[in-house]
Amino acid sequence: MDNTQISILILDDEPIVTKRLKPSLQKKGYLVETFTKSIDAINRFKEKPFDIVITDLKMEGMDGMEFLTQVKEMRPETEVIVITGFATMDTAKESFQKGVLDFLAKPFKLSEIHEAVAKAEKKILDQKE
Amino acid sequence: MKNKLYLYLKELNKKLSIRQKINFAILFEATIIAAISIFIFLTVRTLLSKVKFVEQFDNINIYFLEMRKAEKNYFLYHDINSLIEAYNKGKFVAGELNKNRKVLIHILTKKIYNTLNYTLNNYLTTLQKIKRSPKDKKYTSSLREYGHKLTDLSIHLIKRERKKINKIIHHVTLMILMSLFGIFLAHMLTWRYFSYVLTKKLIKMKKMTNEVAQGRFHEVSLIQSKIKDNVQDEVGIVITAISKMAKELEKREEQLLQAKKLVSLGVLISGVAHELGNPLNNISMLSEGFLTYYDSLSDEEKKKFMQDIQEQADRIKKIVRNLLDFSRQKKPELKVCKLEEVIEKSLALVENQLKISNIKVHKNFPSSLPNVQIDEDQIQQVLVNLYTNAMQAMSKGGDLFIDVFTSDTKNNIIIKVRDTGIGINPETLPHIFDPFFTTKGTKGTGLGLSVSYGIIRQHNGKISVESEQEKGTTFTIELPVYQENKEE
């Protein structure tokens, strides 16, 4: 944790979500970048691989499911956390099949995000060892 | 009495099956034909006996003529042998008359038979008298008189019987012709009756099945109660069966409707949850942040937090209000309003979804449109339904064109909603306004367009569809222009 800072990409078309999540995770010591458009996010991911991706599902343009599928294809070791207002059994099942680590329904508490991120971080560190 | 018979027949008509009726008709015709045959047989038999009689009588007549010839010979040549010959001939005829007494009495009547017999006897006695005293002139004249009477009578009888035969032949011919005609007529009548009965009922059945095919189960199911005490024949049984089937279908349709309602309620609820999820989440995050950073926030920042929360609450309020407007079930309340405003409102309802689906809206309204008298909520419901369909047809995004213009006659306002989606295949196109018809599997109730159709019809308008596969679909709605003077 000292030598490598965990990087997180947050994608949600609701600006309030990205605006609130960013400082809260930065305070925990993570490197955070936020996006409200999936196309910007995927372009950035191509330049810089992130350790953790937090994404919404329903969005304008490329939707979250498509986005996380591409992310997992490009870099399987990246852990994905889904946050969505449209939580159904089907979308949850599909997400987990695609290798999503956690699935959070909106509205959520910041602590839930922190727990999910901590879980992802632990998994990444375990794998590195 | 007559009335009673009529009622009885009417009752019988209802009770008998078509098979029984046909059997009855065939039996009836067979009876008539049998009766006519028996009559013809009897007449022909009489005719034969008459002919036989005439033949017999012809013989008798010949004997009479020969008897008279012998008589003449006697008077010419006074030969006693001729006298004996005449007597023998006469005696032979008398024997014949006696032998066939019964038959002759039957044909000639007793009076004529007796006259004939009596005259012949007198003739024979006179002959004997002449034989005994050939010189006596007074017997010769009476002999001639009797002889004359006999030949006259026999010729007259033959003539009479011949006449009778001719008359009978004439009657029989006429009778046969008439019965043939009668049978033909009866045949035609029964044929007409059955074809009428059958076609009438089949047409009724066709109407019923058509109604069933069009989903009007209720009307068809009512027919059963109407005809309960009516026909019990084969067609009647089928009609009752169809009616019962319609009743069952109606029941099933209701059950299905309930099930579909539950499904659509589920879809609605998940939609609402999604719509509300985001603003709720935002409020939750804002308030959490506000509480966490309260001490370090400046007054300006605190204000911003609260403004953001209020904004999100407004968003929820708007969604809830729109949903209420949309789902409220009420009778059409016609109000004079501007169509373009209604269209704008309906678009606002789906704005977010259109944005998510990557669909660009192109509105094309003229600067001034005549007013319409409509139920705003219902027309909005129709339009939203069309937008929803368009969105589903353009899952990869596209263009939604909304054109509004006045018809050439200026009596109608026309709204065209066109998408650039996958289109509808020509086989399904005629069914899209049918209730429960859906191409969306469990995702659609199949009610949207049928409800829309009903609403537009209630507004005295028209809704139609054109579609080309892979190119897009256009729905056209025509609504009558509000005419002020007409209302007053």
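**Close-up views of a predicted model**

View 1. Phe290(B) belongs to helix α8 of chain B. Between Phe290(B) and Asn121(B) there are 169 residues of separation in sequence, and their C-alpha atoms are 159 Å apart in space.

View 2. Side chains of opposite charge can pair when their charged atoms come close.

View 3. Because Glu161(B) lies in helix α6 of chain B while Lys50(B) lies in helix α2 (residues 18-77) of chain B, the pair ties together parts that are 111 residues apart in sequence. Glu161(B) and Lys50(B) are both buried. One network, joined by salt bridges that share partners, takes in Lys50(B), Arg160(B), Glu161(B) and Lys164(B).

**View 4. A salt bridge in chain A, between Lys123(A) and Glu79(A).** A search of the whole structure finds 24 salt bridges over all chains. In the one formed by Lys123(A) with Glu79(A), the closest N and O atoms are 3.7 Å apart. This pair links distant parts of the chain, with Lys123(A) in helix α5 (residues 110-128) of chain A and Glu79(A) in strand β4 (residues 79-84) of chain A, the two residues being 44 residues apart. Lys123(A) is partly exposed, its relative accessible area being 36%, whereas Glu79(A), at 4% relative accessibility, counts as buried.

**View 5. A cis peptide bond in chain A, from Lys106(A) to Pro107(A).** The bond that leads from Lys106(A) to Pro107(A) is a cis peptide bond, and its omega is near -5°. Pro107(A) is found in the loop between β5 (102-105) and α5 of chain A.

View 6. Asn358(B) has a phi near 65°, which is a positive value in a residue other than glycine. The loop that holds Asn358(B) runs between α10 (339-356) and β2 (359-364) of chain B, and the residue Asn358(B) is partly exposed, with a relative accessible area of 41%. Asn460(B) is likewise not a glycine, and yet its phi is positive, at about 60°. Asn460(B) lies in the loop between α12 (448-458) and β6 (462-468) of chain B, and with 67% relative accessibility Asn460(B) counts as exposed.

**View 7. A patch of positive charge on the surface of chain B.** The residues that gather in this surface patch of positive charge are Lys72(B), Lys135(B), Lys137(B) and Arg144(B). Lys135(B) is placed in the loop between α5 (110-132) and α6 (137-213) of chain B. Because exposed means over 50% relative accessible area, Lys135(B), at 75% relative accessibility, counts as exposed.

**View 8. A nonpolar patch on the surface of chain B.** Phe181(B), Phe184(B), Leu185(B), Met188(B), Leu189(B) and Trp191(B) make up this nonpolar surface patch, and together they have about 670 Å² of accessible area. One of them, Leu189(B), lies in helix α6 of chain B and is exposed, with a relative accessible area of 57%.

**View 9. The two assigned domains of chain B.** In the domain assignment of chain B, domain 1 covers residues 2-199 and domain 2 covers residues 331-487. Between the C-alpha centres of domain 1 of chain B and domain 2 of chain B the distance is 96 Å.

Definitions and conventions: Residues numbered from 1 in each chain as written. Chains lettered and ligands numbered in written order. Predicted model: local features only at pLDDT ≥ 70, side-chain atom pairs only at ≥ 80, totals over all residues. Heavy atoms only, no water. Patch = residues over 30% accessible without salt bridge, like charges linked within 9 Å, V, L, I, M, F, W, Y side chains within 5 Å. Areas by Shrake-Rupley, 256 points an atom, 1.4 Å probe, with all protein chains shown as cover. Salt bridge = Lys/Arg side-chain N within 4 Å of Asp/Glu carboxyl O. Lys, Arg positive; Asp, Glu negative; His and termini not counted. Charge placed at Lys NZ, Arg CZ, Asp CG, Glu CD. Helix = DSSP H or I, 4+ residues; strand = E, 2+ residues; numbered from the N terminus. Buried < 20%, exposed > 50% of the residue type's maximum accessible area, 1.4 Å probe, protein only. Domains from an automatic or database assignment.
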